[in-house]
Amino acid sequence: MKKFHRIASLIMALAMIFALATTAFAADSNPTLIDTTKKASLNIYKYDLTKATAGGCDTSSYVATGAYDANVNTALASYAVQGVKFTYLKVADITTYTGVVSSAHTSQIQYGFSSAGAGVLTALGLKAEDAVRSAGGVNYYTSEKLNKALADKLTADPTGTKNALETAVSSGTVMAETNASGNASATDLAQGLYLVVETAVPDNVVSTCNPFFVSLPMTNAAGTAWNYDVT
């Protein structure tokens with residue numbers, strides 16, 4: 001199971017980077033604004049990729065895009081991991097900012113952290129001076145800054161970082177445990193940046209996967225439309 005969790009953690013990290021990076025990319029390439037009236041949803045699927053690989057599945061070809069892929073879920077159905085609980089917490093607002101950043105005119109997605117996300121910033125070692133801008137008591141960070149901080153902390157101190165982020169989301173919402181399909185879901189979510197932490201696992205799982213960010217909404221793989229229902 002240890003090998004499985006190393007692979008799963010890598011997949012989670014790549015998914016996090018993809019989700020945030022494509023959202024930031026869309027602000028420059030796509031003039032369509034986020035529909036702030038829409039609610040969002042999140043679906044998580046948990047699989048044993050070590051067993052899947054041993055069973056002949058080419059898991060290296062699976063890329064997280066934020067969209068549900070029936071082919072992937074069908075191929076991995078027999079490797080679903082049941083009984084895992086994830087906790088999520090909205091840690092920042094999502095905003096499309098058009099203005100001057102570092103003396104340059106720009107349009108980009110930024111995530112605004114207020115007191116609700118202070119514990120996450122502390123766990124990541126980010127300070128007010130690391131923000132791209134500050135306004136009204138809110139510090140705004142880019143996806144690149146958040147991704148790098150999380151990746152660096154998990155590399156330097158994986159256990160301590162995971163524990164700190166689990167504490168940071170203790171006031172969040174615990175999702176129902178993954179079902180026989182390895183699926184857990186949350187609906188009717190406010191838009192924003194969420195931190196998701198795996199907070200409970202069955203007895204045969206020896207370690208939790210790395211915490212990860214999810215941007216709701218995020219853009220599709222082409223960067224041409226907003227996806228409010230993220231898988």
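Start by selecting Tyr45, Tyr47 and Tyr68, which form one aromatic cluster. Before going on, note that this is a predicted model, where local features need pLDDT of at least 70, side-chain atom pairs count only at pLDDT 80 or more, and totals for chains, interfaces and linings use all residues. Residues are numbered from 1 along each chain as its sequence is written, and side-chain values use heavy atoms, with hydrogens and water left out.

Back to the rings. Four aromatic pairs turn up in the structure. Tyr45 and Tyr47 have ring centres 6.2 Å apart and planes at 10°, so this pair is stacked. (Buried means under 20% relative accessible area, exposed over 50%, and partly exposed in between, with a 1.4 Å probe and protein chains only.)

Next, pick Lys46 and Glu198. They form a salt bridge, with the closest N and O atoms 2.7 Å apart. Glu198 sits in strand E8 (residues 192–200) and Lys46 in the loop between strand E1 (40–45) and helix H2 (49–54), so the pair ties together parts that are 152 residues apart in sequence. (Helices, H or I with at least four residues, and strands, E with at least two, are DSSP runs numbered from the N terminus.) Are these two partners buried or exposed? Glu198 is buried, at 1% relative accessible area, and Lys46 is buried too, at 4%.

How many salt bridges does a search of the whole structure find? It finds three. (A salt bridge is a side-chain nitrogen of Lys or Arg within 4 Å of a carboxyl oxygen of Asp or Glu.) For another, select Asp152 and Lys148, whose N to O distance is 2.7 Å. Both lie in helix H5 (residues 143–156), four residues apart, about one turn of the helix. Asp152 is partly exposed at 41%, and Lys148 is exposed at 54%. Then hop to Asp93 and Lys90, whose side chains meet in a salt bridge at 2.8 Å, N to O. Here Asp93 is partly exposed at 45%, and so is Lys90, at 28%.

Now try Arg133 and Tyr140. The charged end of Arg133 sits over the ring of Tyr140, 3.9 Å from its centre. (A charge sits over a ring if NZ of Lys or CZ of Arg is within 6 Å of the ring centre and within 35 degrees of the ring normal.)

Cysteines next. A search of the whole structure finds zero disulfides, a disulfide being a pair of cysteine sulfur atoms within 2.5 Å. Select Cys57 and you have a buried residue at 16% relative accessibility; Cys209 is buried as well, at 1%.

Finish with the backbone. Most residues other than glycine have a negative phi, and most peptide bonds are trans. Select Asp188 in strand E7 (residues 183–189): its phi is near 55°, a positive value in a residue other than glycine. Asp188 is also exposed, at 58% relative accessibility. Last stop is Pro217, in the loop between strand E9 (212–216) and strand E10 (218–219). The peptide bond from Leu216 to Pro217 is cis, with omega near 0°.

Note on methods: Rings of Phe, Tyr and Trp (its six-membered ring) pair if their centres lie within 6.5 Å; planes under 30 degrees apart count as stacked, over 60 as edge-to-face and the rest as tilted.
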